[in-house]
Amino acid sequence: MAMSFEWPWQYRFPPFFTLQPNVDTRQKQLAAWCSLVLSFCRLHKQSSMTVMEAQESPLFNNVKLQRKLPVESIQIVLEELRKKGFQERPEQLRLYPV
């Protein structure tokens, strides 16, 4: 039986797809993106993803809202994951068991 992914409330909130200028808001937003990426990739047993693949993935592209996280913002999210030890290079997401 296939498991369905439960998107967090932020995924249905259009401003989530635009990195916010306020430092505190951005930190919370990046934490939410990191959590979303890790949850999504774990459920789908996906351990790597290029920025180009990420750009077209439903993870960063909400078709229903017609909103997509820009490439530059995806790179910022991936860099945040790298800082937390979840990837080696900013252009390639690599997840390892925590």
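These legends walk through a few close-up views of a predicted model.

**View 1. Helix α1 meets helix α3.** Here we look at where helix α1, residues 23-43, packs with helix α3, residues 71-83. Their axes sit 10 Å apart and the packing angle is about 80 degrees. That makes α1 roughly perpendicular to α3, since angles of 65 to 115 degrees count that way.

**View 2. The side chains where α1 and α3 touch.** From α1 come Arg26, Leu30, Trp33, Cys34, Val37 and Leu38. On the α3 side, Ile76, Val77, Glu80 and Leu81 make the contact. Sort these residues by type and you get eight nonpolar and two charged, with no polar ones.

**View 3. A salt bridge between Glu56 and Lys68.** A search of the whole structure turns up two salt bridges, and here is the one that pairs Glu56 with Lys68. The closest N and O atoms are 3.4 Å apart. Glu56 belongs to helix α2 (residues 51-56) and Lys68 to strand β3 (residues 67-68), so this pair ties together parts that are 12 residues apart in sequence. How open is each partner? Glu56 has 52% relative accessibility, so it counts as exposed, while Lys68, at 34%, counts as partly exposed.

**View 4. Lys45, a loop residue with positive phi.** Now for a spot on the backbone. Lys45 sits in the loop between α1 and β1 (48-50). Its phi is near 50 degrees, which is a positive value in a residue other than glycine. With 76% relative accessibility, Lys45 counts as exposed.

**View 5. Gln66, another loop residue with positive phi.** Which loop holds Gln66? Look between β2 (61-62) and β3. Phi of Gln66 is near 60 degrees, and here again the value is positive in a residue other than glycine. Gln66 has 71% relative accessibility, so it counts as exposed.

Note on methods: Residues are numbered from 1 along each chain as its sequence is written. This is a predicted model: local features need pLDDT of at least 70, side-chain atom pairs count only at pLDDT 80 or more; totals for chains, interfaces and linings use all residues. Side-chain values use heavy atoms; hydrogens and water are left out. Axes are lines fitted to C-alpha atoms, for helices over the stretch in contact, and angles run from 0 to 180 degrees between N-to-C directions. Helices (H or I, at least four residues) and strands (E, at least two) are DSSP runs, numbered from the N terminus. Angles under 35 degrees count as roughly parallel, over 145 as roughly antiparallel, 65 to 115 as roughly perpendicular and the rest as oblique. Contact means heavy atoms within 4.5 Å. Ala, Val, Leu, Ile, Met, Phe, Trp, Tyr, Cys and Pro count as nonpolar, Asp, Glu, Lys and Arg as charged, and the others, Gly among them, as polar. A salt bridge is a side-chain nitrogen of Lys or Arg within 4 Å of a carboxyl oxygen of Asp or Glu. Buried means under 20% relative accessible area, exposed over 50%, partly exposed in between (1.4 Å probe, protein chains only).
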